[in-house]
Amino acid sequence: MKIQLPLMLIAASVPLLAQAPAQVDLSGSWASLSQDDILLLADYTGIPYNDAGRAKALSYSQSQMSMPERVCLFYTQTQIFGGPFGLRISKETGPDGKIVAWKLAGWEDRAPMTIWVDGRPQPSKNAPHDRTGYTTGSWDGDVLVSYTTHMKSGFIRRNGAPHSDQATLTIHFLRHDDLLTLAASLEDPVYLSEPLYWSRTFRRSRNTVEQLDGPCVQGDEGVPQGAVPHYLPGQNPFIDEMNKAYHIPVYASEGGAETMYPEFRKKMKDTFVPVEKCTRNCGGRGPGPGGAPGPGDGPGPDGPPPAR
Amino acid sequence: MLERRLVWEKRATRFLLGALVLLAFQIPMLAQAGGGAPGRNASPAASKPGTPVDLMGYWVSVVTTLDWRFRMVVPAKGDYFGLRLTPAATKIADAWDPAKDEAAGNQCKSYGAAGIMRIPGRLHITRPDEKTLRMDIDAGTQTRIFHFGEWKAPSGDATWQGDSVAQWDTSGTGGLKVVTRHMRPGYLRKNGVPYSENAILAEYYDVVRERNGDRRLIVTSSVEDPAYLQQPYTSSDHFKWQADASGWDPTPCSARW
């Protein structure tokens, strides 16, 4: 008996050791609850752009999307925070039954994200970049933390707000009951003076979030081969779009770290005059004929069509 | 025979001690599994024992998403983008008049619990005792009190910040879950989008540590209000931890800004 007791204690401790760290099941379909997805062309409010980032943003013409070589180009993984769609998450197991990766299925304009959790390292810094990037992850308690590197340059917002190919994306997956919040940080030493923080919440859905459409077919959208639509410095005609629509001053819509913080309100307070009455994209209506929004639904019936 | 028995007993005692040492090592690991790794929760701010996530200290709003125009400035009357309101709600919001709110002493309507976390500003979170967590908010100079354990809400009129019951979310991220009821009718947005006295606010508070060392407070909230909302209004907002009270600027409620 005296010998059995310690053996029992050790035997009892083995499963306890195996419990750490805990892992939450993230798999399934998660409907988008995005409620703020309206986008004007020169809206960079709240983006901590440095001068280079701002200049790059203002040089962008939406017609670049119609260039033959860009018609079928995917967004980078930052689109998770800018697109209107839901998420479908699955896990991939190895031959031994252990989870080696979590997968966020792709959208029609974003490649899938594979989060490798089997301990493999990031690729060499000299490895090629692509729109998908390379993502590893680990569990911090019950929170999955992913880290994406090796993305090509892409967009922070679908209005051409850029990030560089040196940008890295960290996402914390926070699950609470049927809500999943993704809290992200985008670091970009080229275009941002501070990390850009995002958070976005999804709700578990019993319906399957639809995934990639059929293959993109490249068509002629009117931009000739070899032309790169753009605006030269000081010539972006949409620079005051936020001012016209919402009376938001241009120095705010151009972004910059200070626009993220409460103090910035003081700068605008004395001169800001609210728009008297909303007349366009005002929202507020109930759900459409289909009832409550389903997975992948955008911000509602008054929302803009998803930008390409 | 007796000698052999003594040797066995000696070995058994050593074994037992070894097992106890092993168990002692496991206790912190278990704590980690349930409440998150120290890297996520540890902070320079002192925390009370038994709090899985350290929320203490000063936090500043960071407004980075497309709802910037609803939070940093006052949106236009009738701009309900992203909300699914009932006809009763749009009727109230369409009649929004900040001058009337001021005249009635209701200039704090957008600073109630269901709206205040989205007003840019700073939070100061403290733990006065084991049963309460206090959140002072400089925007509108408001205070929220989160009650732990078997707390019973007092009877009486509803208040802007309502009655909040809190519990650590030990089955999830180790964060804090807060449910608030009995709120005085207020606004979800500055432009008069209403919530009723029957609204229920559920919030989850999580702290994450970024690669650059920043600590962020993520507040995921969901407002249910069948009177005015056709579906719950869910949002997630974030704050950055700061080491001191820099920028702490208590301001009175404003119905116009």
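## Tour from the α4(B) contact

Select helix α4 of chain B: its buried residues pack against β12 (283-284) of chain A, together with β2 (80-84) and β9 (194-195) of chain B. Here a contact means two C-beta atoms, placed from the backbone, within 7 Å. Helices (H or I, at least four residues) and strands (E, at least two) are DSSP runs numbered from the N terminus.

This is a predicted model: local features need pLDDT of at least 70, side-chain atom pairs count only at pLDDT 80 or more, and totals for chains, interfaces and linings use all residues. Residues are numbered from 1 along each chain as its sequence is written, and chains are lettered from A and ligands numbered from 1 in the order in which they are written.

**Stop 1: α4(B), side by side.** Stay on residues 87-94 of chain B. The buried ones are Ala89(B), Thr90(B) and Ala93(B). They span an arc of only 95° around the axis, so they sit on the same side of α4(B). That arc is taken over the directions from the helix axis to the C-beta atoms. Now colour the other side: Pro87(B), Ala88(B) and Lys91(B) are exposed there. Buried means 20 or more other C-beta atoms within 10 Å of a residue's own, exposed means 12 or fewer, and partly exposed lies in between; C-beta atoms are placed from the backbone.

**Stop 2: the barrel of chain B.** Show the strands. Nine of them form a closed barrel in the order β1-β3-β4-β5-β6-β7-β10-β11-β12 (chain B), with mixed pairing. Neighbouring strands of this sheet are turned by 30° against each other on average, direction ignored. The axes are lines fitted to C-alpha atoms, and angles run from 0 to 180 degrees between N-to-C directions. Zoom in on β1 (residues 57-61) and β3 (residues 122-129) of chain B, which pair in the antiparallel sense over four bridges. Two strands count as paired if DSSP finds at least two bridges between them. Pick Trp59(B): Leu123(B) in β3(B) stands opposite.

Zoom out to all of chain B. The chain has six helices and twelve strands. Of its 257 residues, 49% count as buried. Of its contacts between residues at least 6 apart in sequence, 59% join residues at least 24 apart.

**Stop 3: chain A overall.** Chain A holds five helices and twelve strands. It has 308 residues, 41% of them buried. Among its contacts between residues at least 6 apart in sequence, 63% join residues at least 24 apart.

**Stop 4: loops of chain A.** Select Glu108(A), in the loop between β3 (99-104) and β4 (113-116) of chain A. Glu108(A) is partly exposed, with 15 other C-beta atoms within 10 Å. Draw a distance to Tyr197(A): the C-alpha atoms are separated by 25 Å, and the residues are 89 apart along the chain.

Next, His247(A), in the loop between α3 (241-246) and α4 (250-253) of chain A. Its phi is near 65°, a positive value in a residue other than glycine. Then Asn281(A), in the loop between α5 (263-269) and β12 of chain A. Phi of Asn281(A) is near 50°, also positive in a non-glycine residue.

**Stop 5: colour by pLDDT.** This is the predictor's confidence in each residue, from 0 to 100. Chain A averages 85, and 83% of its residues reach 70 or more. Over residues 9-21 of chain A the pLDDT is below 50. Residues 287-308 of chain A also stay under 50. Where pLDDT is low, the predicted coordinates should not be read in detail.
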